[in-house]
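Take a look at the structure below.

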Amino acid sequence: MARRSRGLRSAGRGKFTKPPRRRGLGSVVQATQELPIGAKVTIFINPSVHKGQPHHRYHGRIGLVIEKRGRAYIVEIKDGGKIKKIIASPEHLRVVR
């Protein structure tokens with residue numbers, strides 16, 4: 001019997017499915033947003049933009065923006081007892097208000 005592929009986007013059917021009226025590309029405003037260093041953000045993956053996606057295990061996590069690298073941002077999150085740095089483009093980040 002053949003083995004199932006376990007790529008990066010596997011087991012993400014629920015996370016990477018948009019409701020019918022939200023399908024398609026997101027807004028330009030969200031793609032070009034500037035985030036201040038030290039801002040609190042939620043990693044919320046936009047499935048229609050593949051570039052700059054963090055791993056789906058970090059979907060829904062809250063962290064701090066510590067640096068800008070090119071167009072992307074480095075977000076520091078706590079995972080268990082460790083602090084990890086996630087690189088994500090602005091389409092996949094939402095500011096916590």
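## Strands and hairpins

β3 and β4 form an antiparallel pair, joined over 7 bridges. Across this pair, Glu76 faces Lys85 in β4. The hairpin of β3 and β4 has 2 residues between the strands. There, Gly80 takes a positive phi near 70°. Keep in mind that this is a predicted model.

β3 also has a partner in β2. The two run antiparallel, and 5 bridges join them. Val65 stands opposite Val75 in β3. The hairpin of β2 and β3 likewise has 2 residues between its strands. In this hairpin, Gly70 has the positive phi, near 70°.

## The whole sheet

What is the order of the strands in the open sheet? The sheet has 5 strands, and the order is β4-β3-β2-β1-β5. Their pairing is antiparallel. β4 and β5 stand at the edges with a single partner strand each, so one side of each has no neighbour in the sheet. From one strand to the next, the twist averages 45°.

β1 and β5 are an antiparallel pair with 3 bridges. Here Val41 stands opposite Val95 in β5.

## The nonpolar core

In soluble globular proteins, nonpolar side chains tend to be buried together. In this model, the largest nonpolar core has 13 residues. Leu35, Val41, Ile43, Ile77 and Leu93 have the most contacts inside this core. At least two core residues come from each of β1, β3 and β4. β3 gives the largest share, 3 residues.

Leu93 is worth a look on its own. Leaving aside residues up to four places away in sequence, Leu93 touches Gln30, Gln33, Leu35, Val41, Thr42, Ile43, Phe44, Tyr73, Val75 and Ala88.

## Two histidines in loops

Find His92 in the loop between β4 (82–88) and β5 (93–95). Is His92 buried or exposed? Its relative accessibility is 0%, so His92 counts as buried. Beyond residues up to four places away in sequence, the contacts of His92 include Thr42, Ile43, Phe44 and Ile45. Lys51, Gly52, Gln53 and Pro54 are also among the residues that His92 touches.

His56 sits in another loop, the one between β1 (40–43) and β2 (62–69). Its relative accessibility is 13%. Buried means under 20%, so His56 counts as buried too. The His56 side chain reaches the backbone oxygen of Ser10 at 3.2 Å. Ser10 is one of the residues that His56 touches, not counting those up to four places away in sequence.

## Thr17, before the helix

Thr17 lies in the segment before α1 (28–31). With a relative accessible area of 45%, Thr17 is partly exposed. A polar atom of the Thr17 side chain lies 2.3 Å from the backbone oxygen of Arg13.

How many residues apart in sequence are Thr17 and Pro47? They are 30 residues apart. In space, they are 7.2 Å apart, C-alpha to C-alpha.

Terms used. Residues numbered from 1 in each chain as written. Predicted model: local features only at pLDDT ≥ 70, side-chain atom pairs only at ≥ 80, totals over all residues. Heavy atoms only, no water. Helix = DSSP H or I, 4+ residues; strand = E, 2+ residues; numbered from the N terminus. Buried < 20%, exposed > 50% of the residue type's maximum accessible area, 1.4 Å probe, protein only. Contact = heavy atoms within 4.5 Å. Polar contact = N/O pair within 3.5 Å; in protein donor to acceptor, adjacent residues only side chain to side chain. Pairing = 2+ DSSP bridges. Axes fitted to C-alpha atoms, helices over the stretch in contact; angles between N-to-C directions. Core = buried A, V, L, I, M, F, W, Y, C linked by side-chain atoms within 4.5 Å.
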